[in-house]
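These are my notebook entries on one model.

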Amino acid sequence: SVARTSAANAAPAAARPATHRALPRLAWRREQLVRAAWGSGPGELGHLRGGEASPEGPMSFAVGDDGRVIVLDQVNGRVQLFGDGAPVVVPLPRDTFEDLAPVGDGLVLLDRLTTGTLLSLGLDGATRDEVPLRGHGVADPGEVTALHTQADGIYVEVGHRDLVCLLDPDGRPVEARTILPGRPLADGSGRFLQAARVGPSVAE
């Protein structure tokens with residue numbers, strides 16, 4: 001059975017801490033953008049069964065400004081851009097990347113454990129720049145958990161706690177790193193700092 005939360009189950013307004021603001025409800029629509037078979041051919045995505053280890057598939061994906069779906073197919077050592085027609089294939093220099101983001105006419109890829117760097121690539125696979133993660137705001141590259149694209153550049157998320165800007169909007173290294181607390185909200189209205197449970201079925 002499916003339980004439905006009603007107003008009767010929510011904590012009364014008077015019991016909620018005054019410092020908490022209810023997050024806006026966002027309307028989501030489910031839409032299939034890419035369908036691909038497992039494999040190593042054009043348009044297919046790599047998959048490792050893993051044996052005793054965990055299975056492995058594409059580590060990340062993003063949607064570019066042109067609407068193309070960009071998939072990190074690291075098992076096959078490539079990135080694929082899905083849109084109209086045949087996928088565009090971008091070869092990767094190694095298979096240790098864990099996240100990606102489109103930037104300008106290229107890509108930025110996160111390799112936090114092997115090289116501890118952000119790699120900037122053109123769509124031809126040519127390396128444009130490689131920036132170390134370690135530095136102001138990032139004491140340990142292993143604590144970096146994700147990439148976030150903002151209007152003013154490419155940020156890395158550190159320990160699910162802070163965002164640190166490493167690249168400008170064109171994918172070039174910034175002169176001074178900016179550190180922001182929290183994670184950006186999906187509607188761009190602010191940043192998510194923490195969640196607090198204020199009742200048996202209500203979180204703010």
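**Entry 1**

I began with Val63, which is partly exposed at a relative accessible area of 44%; here buried means under 20% relative accessible area, exposed over 50%, and partly exposed in between, with a 1.4 Å probe and protein chains only. The model is predicted: local features need pLDDT of at least 70, side-chain atom pairs count only at pLDDT 80 or more, and totals for chains, interfaces and linings use all residues. I number residues from 1 along each chain as its sequence is written, and side-chain values use heavy atoms, with hydrogens and water left out.

I placed Val63 in strand E1 (residues 60-63); strands (E, at least two residues) and helices (H or I, at least four) are DSSP runs numbered from the N terminus.

Ser60 stands opposite Leu72 in E2. The hairpin has five residues between the strands, and Gly67 takes a positive phi near 90° there.

**Entry 1: the sheet E5 to E8**

I recorded an open sheet of four strands in the order E5-E6-E7-E8, with antiparallel pairing. Its edge strands are E5 (99-103) and E8 (127-132), each pairing on one side only. Neighbouring strands of this sheet are turned by 20° against each other on average, direction ignored; axes are lines fitted to C-alpha atoms, for helices over the stretch in contact, and angles run from 0 to 180 degrees between N-to-C directions.

Within it, E6 (residues 106-111) and E7 (residues 117-122) pair over six bridges, and Gly106 has Gly122 in E7 as its bridge partner. I also looked up Leu107, which belongs to strand E6 and is buried at a relative accessible area of 1%.

**Entry 2: charged pairs**

I counted 10 salt bridges in the structure, a salt bridge being a side-chain nitrogen of Lys or Arg within 4 Å of a carboxyl oxygen of Asp or Glu. Arg94 pairs with Asp111, with 2.7 Å between the closest N and O atoms. Arg94 lies in the loop between E4 (88-91) and E5, and Asp111 in E6, 17 residues apart. Is Asp111 buried or exposed? Asp111 counts as buried, at 0% relative accessibility.

Glu130 also forms a salt bridge with Arg94, at 2.8 Å between the closest N and O atoms; Glu130 is in strand E8, 36 residues from Arg94. Glu98 bridges to Arg112 at 3.0 Å. Glu98 sits in the loop between E4 and E5 and Arg112 in the loop between E6 and E7, so this pair ties together parts that are 14 residues apart in sequence. Shared partners join Arg94, Asp111 and Glu130 into one network.

**Entry 3: the sheet E9 to E12**

I recorded a further open sheet of four strands, antiparallel, in the order E9-E10-E11-E12. E9 (144-150) and E12 stand at the edges with a single partner strand each, so one side of each is left without a neighbour in the sheet. The twist averages 30° from one strand to the next. E11 and E12 pair over three bridges, and Asp162 has Pro181 in E12 as its bridge partner.

I checked two loop residues. His160, in the loop between E10 (153-158) and E11, has a positive phi of about 55° although it is not a glycine. His160 is exposed, at a relative accessible area of 59%. Asp168, in the loop between E11 (162-167) and E12 (179-181), counts as buried at 16% relative accessibility.

How values were computed. Pairing = 2+ DSSP bridges.
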